[in-house]
Amino acid sequence: MVVLSGTKLAGEIGASRSAVWRFVQQLRSMGVEIAGHPATGYQLKSVPDLLLPEFVKPLAKGIIFAERIHHYFRIGSTNAEAMNAAAQGEPEGSVFLAEEQTSGRGRGGHSWLSEKSAGIYCSVVLRPEMSPADTLAISLAAGLAVRAAVQEVTSLVADLRWPNDVLLAGKKFCGILIEMNAEPTRVRYLVLGIGLNVNQSSFPKAMENEATSLRLETGSTWSRVELAAALLKSLHREYRSIASARSKALAEIIRRFEDASSAARGRQVRVEEEGGYEGVTEGLDASGFLRVRTAKGVRTVISGGVRELSH
Ligand code: BTN
């Protein structure tokens, strides 16, 4: 972070000193901290933690998710944008990142609170050759990918709640929403959306007991750029293994999910589907669905909405 004179900068980029001044002003307005002025020289103090492709790409080289990264300062929903783009032919591996979402979508028709530059709001376009029923593997693997990325960057070991909520200290800090366009036997395209709470310092009262962020759990702020790159890399690893050996990969994902999820076995839960019922979790079946033993026998959870009744 040396001091560079306006004259030297101007000479190197082949522009006038006043043009350099204008560029510096422009960068400052984007949040880049630059000290000094044309007479004394400029010094780069810090670059903002923005999820710009220029920052994320170099950290995620060589993976399918580093080819096309779209970035938005403000957008309704990255999932909606990615679904529209996929319908127009956007290739597999395209990534949509936003600083802020004004109508972030959650599972089950809920919304996803997307505070500006506090979280990672990310959607990727996938075109897996599989039936819609098989996409549960992607859903489970995405939770495992988030868990691995968070552990790599922060050393925190997260818990998973079926199918793909990611928790710390029993509170959710990451949600995953898969949306797809499919025929009964074939997926045309799929959008995997991940909302990760990173540097939020508080949540609205109504969510306080259920939501958390990496900052709230550790007391420190974290680089969203570093986390986003780690996330794309671990998603790439998971997705590649699903695509290469699907049946073997699913069995392996199910085993790893059961290991990573404290509630996958032996927990008293309430399931909000088919009128609601209670029972004890009994692991995942061969297709990746959660099994719950009830008074009337073992039932399979189809859509999620599983709440723990006791610890
Ligand atoms: C959940 O309810 O647990 C899923 C939340 C998914 C939120 C992410 S944020 C990025 C992407 N865009 C959206 O509109 N939703 C997903």
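A search of the whole structure, here a predicted model, turns up two cavities of 30 Å³ or more. Rolling a probe the size of a water molecule over the atoms shows where empty space is left. On a 1 Å grid over the protein atoms alone, a cavity is a set of points where a 1.4 Å probe fits but cannot get out, whereas a pocket is an open set with protein on both sides within 12 Å along at least five of seven lines; lining residues have an atom within 4 Å of a point. Grid points are joined across faces, edges and corners, and a volume is the space filled by probe spheres set on the points. As for the ground rules, residues are numbered from 1 along each chain as its sequence is written, and side-chain values use heavy atoms, with hydrogens and water left out. Because the model is predicted, local features need pLDDT of at least 70 and side-chain atom pairs count only at pLDDT 80 or more, while totals for chains, interfaces and linings use all residues.

The largest cavity comes out at about 80 Å³. Its lining is made up of L160, R161, W162, S261, A263, A264, V269, T281, L290, V306, R307 and E308. Strand 7 (159–161) and strand 15 (306–308) each put at least two residues into this lining, and strand 15 has the largest share, with three. Helices (H or I, at least four residues) and strands (E, at least two) are DSSP runs, numbered from the N terminus. Sorted by class, the lining of the largest cavity holds seven nonpolar, two polar and three charged residues; Ala, Val, Leu, Ile, Met, Phe, Trp, Tyr, Cys and Pro count as nonpolar, Asp, Glu, Lys and Arg as charged, and the others, Gly among them, as polar.

The second largest cavity has a volume of about 60 Å³. Around it sit F65, L126, I138, A141, A142, L192, L235, E238, Y239 and I242. Here helices do the lining: helix 5 (136–154) and helix 7 (224–244) each supply at least two residues, and the largest share, four residues, belongs to helix 7. By class, this lining has nine nonpolar residues, no polar ones and one charged.

Next comes the open space. The largest pocket holds about 1,300 Å³. Of its 49 lining residues, W112, R161, D165, K172 and E210 are the closest to the centre. Helix 4, strand 6, strand 7, strand 8 (165–168), strand 9, strand 10 and strand 15 each contribute at least two residues to the lining, with the largest share, five residues, coming from strand 9. The lining of this pocket splits into 17 nonpolar, 20 polar and 12 charged residues.

The ligand sits in the largest pocket, meaning that more than half of its atoms lie within 2 Å of the pocket's grid points. There are 20 residues around the ligand, and S77, Q101, R105, R107 and K172 come nearest; a residue is near a molecule or strand if one of its heavy atoms lies within 4 Å of it. Strand 9 (171–183) is one of the elements that supply at least two residues of this shell, along with helix 4 (78–87), strand 6 (119–126) and strand 10 (186–197). Strand 9 gives the most, four residues. The shell counts six nonpolar, 10 polar and four charged residues.

Polar contacts are pairs of N or O atoms within 3.5 Å; within protein, one must be able to donate a hydrogen and the other to accept it, and residues adjacent in sequence count only if both atoms are side-chain atoms. A polar backbone atom of R105 is 2.7 Å from an oxygen atom of the ligand, and a polar backbone atom of R107 is also 2.7 Å from a ligand oxygen. K172 uses its side chain instead, with a polar atom 2.6 Å from an oxygen of the ligand. Taken alone, the ligand exposes 410 Å², and the protein buries 97% of that (accessible areas by the Shrake-Rupley method with a 1.4 Å probe; for residues, only the protein chains shown count as cover).
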